[in-house]
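Open the model in your viewer and keep the selection tool at hand.

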Amino acid sequence: MALVIEGEERIAAPVEKVWAALNDPSVLKESIPGCQSLEMKSPTDMAATVVLKIGPIKATFNGEVTLKNLKPPHSYTIQGEGKGGIAGFAKGGADVTLAPDGDGATLLKYAAKADVGGKIAQLGSRLITSTSKKLAGEFFSTFGKKVGG
């Protein structure tokens, strides 16, 4: 089952500070809902463990995250894949762009695509879509507060 999630967040910090935070595993770990661990393996590769509850299913996903198409400090593509055992899998990516937005603020835009399979996919597209949008919203809202003060 494929999903597309798009959105934007205005962050009260300059582009360079937002870019640095998007590449900082400690900021990302604190911003990702359910993230138990996030470890840099290289400047563009990370390993993550995330616990998520989607409807009646709670699963621990172990996955890899890779940063691609880096154009500092304006954009990158983040791609990842996680396996949740019998619960299923999730894989996808997001194109993230940063643009100055007056008074030292930044407009962060994202367009994410995800594909889920296994038991999770059997929950139905409305539940998966609403949960995915909620999680994306939580991530960017928390990230914005951490970076923008």
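A residue counts as exposed when its relative accessible area is over 50%, and as buried when that area is under 20%. The model is predicted.

**Salt bridges**

The structure holds four salt bridges. Select Lys83 to begin: its relative accessibility is 54%, over the 50% cut-off, so Lys83 counts as exposed. Glu81 is partly exposed, at 39% relative accessibility.

Next, select Asp101 and Arg10. Their side chains meet in a salt bridge with an N to O distance of 2.7 Å. Which parts does this pair tie together? Asp101 sits in the loop between strand E6 (89-100) and strand E7 (106-117), and Arg10 belongs to strand E1 (residues 2-11), so the bridge ties together parts that are 91 residues apart in sequence. Asp101 counts as partly exposed, with 28% relative accessibility.

Go on to Lys134 and Glu138, another salt bridge, again with 3.4 Å between the closest N and O atoms. The two are four residues apart in helix H3, which means that about one helical turn separates them. Lys134 is exposed at 54% relative accessibility, while Glu138 is partly exposed at 33%.

Is Thr131 buried or exposed? At 13% relative accessibility, Thr131 counts as buried. A polar atom of the Thr131 side chain lies 2.8 Å from the backbone oxygen of Leu127. Show Lys53 and Ile54 as well: Thr131 is in contact with both, leaving aside its neighbours within four places in sequence.

**Aromatic pairs**

The structure holds four aromatic pairs. Select Trp19 and Tyr76, a tilted pair with 5.3 Å centre to centre and 55° between the planes. Trp19 lies in helix H1 (residues 15-22) and Tyr76 in strand E5 (residues 75-83), so this pair ties together parts 57 residues apart in sequence. Both Trp19 and Tyr76 are buried.

Then select Phe139 and Phe140. Their ring centres are 4.8 Å apart and their planes stand at 85°, so the pair is edge-to-face. Phe139 is buried at 13% relative accessibility, and Phe140 is buried at 9%.

Key
Residues numbered from 1 in each chain as written. Predicted model: local features only at pLDDT ≥ 70, side-chain atom pairs only at ≥ 80, totals over all residues. Heavy atoms only, no water. Buried < 20%, exposed > 50% of the residue type's maximum accessible area, 1.4 Å probe, protein only. Polar contact = N/O pair within 3.5 Å; in protein donor to acceptor, adjacent residues only side chain to side chain. Contact = heavy atoms within 4.5 Å. Phe/Tyr/Trp six-rings, centres within 6.5 Å; stacked < 30°, edge-to-face > 60°.
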